[in-house]
Every structure is written in structure tokens, then in C-alpha cells.
Amino acid sequence: MTAISTQLVTALERQGLAEFLAGFSGDSVDLGQWARQVDRLDGPLRTIAGFFLLGRPAKLARLPPAVAAAMPRLREYGVAVQQGDEAQLVDVSLFRAHGVWLFAEPPSLFQVRHYFGPDSIALARRISYRPGSRVLDLCAGPGFQGLVAAQQHARATLVELLPDVARVAVLNAALNGLAERTEVLTGDLYDPLASGRDPYDHVVANIPFLPTLTEPGTETPQQGGEDGFTVGRRVLEGLPHRLAPHGTAHLTALLFQAGQELLMAEELRAWARAHGYALIVSLTDEMAVGPRSDLVQTAVSDLLDADPEADPDALSTEVADMFARSGATRARLSYLRIDRGVSGFRMLDHAAR
Ligand SMILES: C[S@@+](CC[C@H](N)C(=O)[O-])C[C@H]1O[C@@H](n2cnc3c(N)ncnc32)[C@H](O)[C@@H]1O
């Protein structure tokens, strides 16, 4: 299993796919920019890039033998299908960031199952893993955070709620030759971990943070509950039991502001004080919360999934009013850094620079 998978990426690298991808901005997961350049390629690299990046079908005979030989594995893991002599990826593309190859879906306004986005890359950029350290990747998705850690010689435990997504994380680990340094568990946050396990030097969680108006407890794994922090709160709750003394934790979050004031500041400050942690909240990209905003429209599309007869305009107003009632004037994509062994609370506003 491991051999065939690393052979696949080695073959792709030899054909120039890593070189091709390195020409694009490091934080981008934009398929549109790939599409514009793929058609300027020629020879096998054009076929490979069309197949792995853009999801185009390809005749097996036109793929390099090591790539064609990997197809049964890709089908077994649910990321490719084959009809006759033609194969095609299903839903996913092949990404590469921080030196890690990853089958995943690009972000979209609609819910995706095998998530990978600019926030995934931005979160990984914030963390230095020490060789041999123990890392817990909660909300692992197709595995990016845990695999970046393992690539840096850490030992990573990845936990993902959805079994088919966890399987893709297993495939991605093998693809990068990192199966020996990773274990992938299926389940809800800390639940699959045995109680006597040693604590972790790093806990990393790119949580689902899109706010949703569905009944509490009925959120899908891609939804973050009414204020977007339902899963985040549960990660924080469990942290004291699982984070080693002097360990660090890193979370993403979508946090709301009323003007300059962070609505969750008091809650986060109180949590850090109660547990004696130092918490740094980095506020980055800004998102609008008005009726036509992407954020509101995403929540509306979720509600329409549940009730296709509902009036989209009325729902947009309802969701935007909910944000307005909470006092929110905008949302900020945020990163939380938590250090054990010291205490304090700080905010870094990147937009203010
Ligand atoms: C935003 S994606 C993060 C993917 C990946 N860690 C990254 O940074 O690119 C969140 C993932 O968390 C999973 N998830 C949601 N709730 C979970 C829970 N309670 N326990 C474990 N995983 C969960 C979702 O299925 C989804 O794959």
C-alpha cells in the first residue's frame, strides 16, 4: 500500500507536477488559476494536470505506467472511478502545500466533505512541530494538519468524524510515505482516544466554523452552530485533559465583532484565566454579515437544503437580523494560539497593520 502510493507522487513529480504547482501562490487553492495554465501545457504533464487538478477524465494508456498502476487503489479509497479504459477523479483534486500531497475538495460556499482551504494552509503556517513531538489533529478532514506535522517528523493522531473522509486521510498519509508516523481514528473529537494516553505536545483543530441556524444538536459535520463556535467550545473544554504541560494548541475560528469589539473576548479571556493558559487571538480576513453577504448566503443555502420550499429572501433577512441582534457588524477569520504553562490574553489585529 505505502509503496504504490509514494510511487504515484514520485511519478507525478518526475513529470513536473510539483514544479507546475510551485508556480502558483502558496496560500491559494483556486482551481480557476490552474485551469487557465493547464491548457498551455503539452505532453503527459497536460494529461496529468487535467486529470489530477481539474478532474478531467483520462485514458489509462495516456497516463504514465506508475500513475495508471495506482488507479485501483484510488478507486478502492473512493477518490476515482473507471469506465472502460477511462478513469476520472470523484469530487477531489490533488493539492500540494507545505510539501504534502493531498486529495481533497477545494472550498466552496456549499458544504464539502473532504475539506481543504486557505485557512488550512494559514493554520499550518503558524505551527512549528518539533521532531518526535506528539500531535493530535482534531477535525482532521483529509488530513492536512496531521500530515504537515508528520512531515516535520512529529507523530500524529488524526481524528475525523466521517468514516469516508477518514479513509481519504489514510490514503493521503500513504501517498506521502507518512503512514508509519500517523494514526487515523474515526469519531467525535476526543472520544476515540483511550483515557490513559499520554498527553499531546500539540493539539491542532481546524474546526467547522460556518454559523448555522439549524436546531442545536442537528448541525452537520460541516456546520459550526449558531455562533460558529459549537465545536470550538468542545475542543477547548477537553484541552486541559489532553494537552501536555508546556504544550500548545492551535484552532481556527470565525469570530464576530461589533465595531472593534470582539463579541467572544470575555468568554475566551475567562476560559484562559480559569485554566491558566496564554491565549493569542489573531484576527485576519474580514467578512460582511449583511443579507447579501457570502456568510449569510451560506447559512441560507443550508436552510434551503432542509426546507427547499422556504423563501430565500425571507431567510436572508432572518439570518442577517440574527447577526444584527447579536450586535455583530462583521466576522473575522481568526486563529487561536494557546500555550500551557503561562497565562494571559492578547489579540493581534492583522487588518490594523
Ligand atoms: C474545516 S474541515 C478541516 C480539515 C483539515 N483539518 C484542514 O485543516 O484542512 C473540518 C473537519 O472536521 C470534521 N468534524 C466536524 N465535527 C467533528 C467532530 N465532532 N469530531 C471530529 N471531526 C469533526 C468535518 O467532517 C471536517 O472534515
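Visitor: Why does His 153 count as partly exposed?

Guide: Keep in mind that this is a predicted model. His 153 has 46% relative accessibility, and partly exposed is the band between under 20% for buried and over 50% for exposed, so His 153 counts as partly exposed. You'll find His 153 in the loop between helix H8 (144–151) and strand S7 (155–160).

Visitor: What is the phi of His 153 near?

Guide: Near 70 degrees, which is a positive value in a residue other than glycine. Asp 91 has a positive phi as well, of about 70 degrees, and Asp 91 is not a glycine either.

Visitor: Why is Asp 91 called exposed?

Guide: The relative accessible area of Asp 91 is 58%, and exposed means over 50%, so the label exposed applies to Asp 91. Asp 91 lies in the loop between strand S3 (86–89) and S4.

Visitor: Then there's Ser 93, in strand S4 (residues 93–97). What makes Ser 93 buried?

Guide: Its relative accessible area is 4%. The cut-off for buried is under 20%, so Ser 93 is buried. The side chain of Ser 93 also reaches the backbone oxygen of Leu 53, at 2.9 Å.

Visitor: And Gly 224, why is that one buried?

Guide: Gly 224 has a relative accessible area of 0%, and buried needs a value under 20%, so Gly 224 is buried. Gly 224 sits in the loop between strand S9 (200–205) and helix H10 (230–242).

Visitor: How do you know that Thr 329 is partly exposed?

Guide: Thr 329 has 48% relative accessibility. Over 50% would be exposed and under 20% would be buried, so Thr 329 counts as partly exposed. Its place is the loop between helix H13 (312–325) and strand S13 (330–340). Thr 329 and Gln 257 are 72 residues apart in sequence, yet their C-alpha atoms are 6.0 Å apart in space.

Visitor: On to the rings. How many aromatic pairs are there?

Guide: The count comes to eight aromatic pairs. Take Phe 20 and Phe 24: their ring centres are 5.2 Å apart and their planes are at 75 degrees.

Visitor: Why is the pair of Phe 20 and Phe 24 given the name it has?

Guide: Centres within 6.5 Å make a pair, and planes over 60 degrees apart count as edge-to-face. With 5.2 Å and 75 degrees, Phe 20 and Phe 24 are therefore an edge-to-face pair. Phe 20 is buried at 12% relative accessible area, and Phe 24 is buried at 16%. Elsewhere, Trp 34, Phe 95, Phe 116 and Phe 144 form one aromatic cluster.

Visitor: Which ring does the charged end of Arg 167 sit over?

Guide: That would be the ring of Tyr 77, with the charged end 5.0 Å from the ring centre. Arg 134 lies over the face of Tyr 200, at 4.5 Å from the ring centre.

Visitor: Last stop, the ligand. Which residues come nearest to the ligand?

Guide: Of the 17 residues around the ligand, Ser 120, Cys 139, Gln 145, Glu 160 and Asp 188 come nearest. A side-chain N or O atom of Glu 160 is 2.7 Å from a ligand oxygen, and a polar side-chain atom of Gln 145 lies 2.8 Å from an oxygen atom of the ligand. For Asn 206, the value is 2.9 Å, again from a polar side-chain atom to a ligand oxygen. The protein covers 96% of the 610 Å² of accessible area that the ligand has on its own.

Terms used
Residues numbered from 1 in each chain as written. Predicted model: local features only at pLDDT ≥ 70, side-chain atom pairs only at ≥ 80, totals over all residues. Heavy atoms only, no water. Phe/Tyr/Trp six-rings, centres within 6.5 Å; stacked < 30°, edge-to-face > 60°. Buried < 20%, exposed > 50% of the residue type's maximum accessible area, 1.4 Å probe, protein only. Lys NZ or Arg CZ within 6 Å of the ring centre and 35° of its normal. Near = heavy atom within 4 Å. Polar contact = N/O pair within 3.5 Å; in protein donor to acceptor, adjacent residues only side chain to side chain. Areas by Shrake-Rupley, 256 points an atom, 1.4 Å probe, with all protein chains shown as cover. Helix = DSSP H or I, 4+ residues; strand = E, 2+ residues; numbered from the N terminus.
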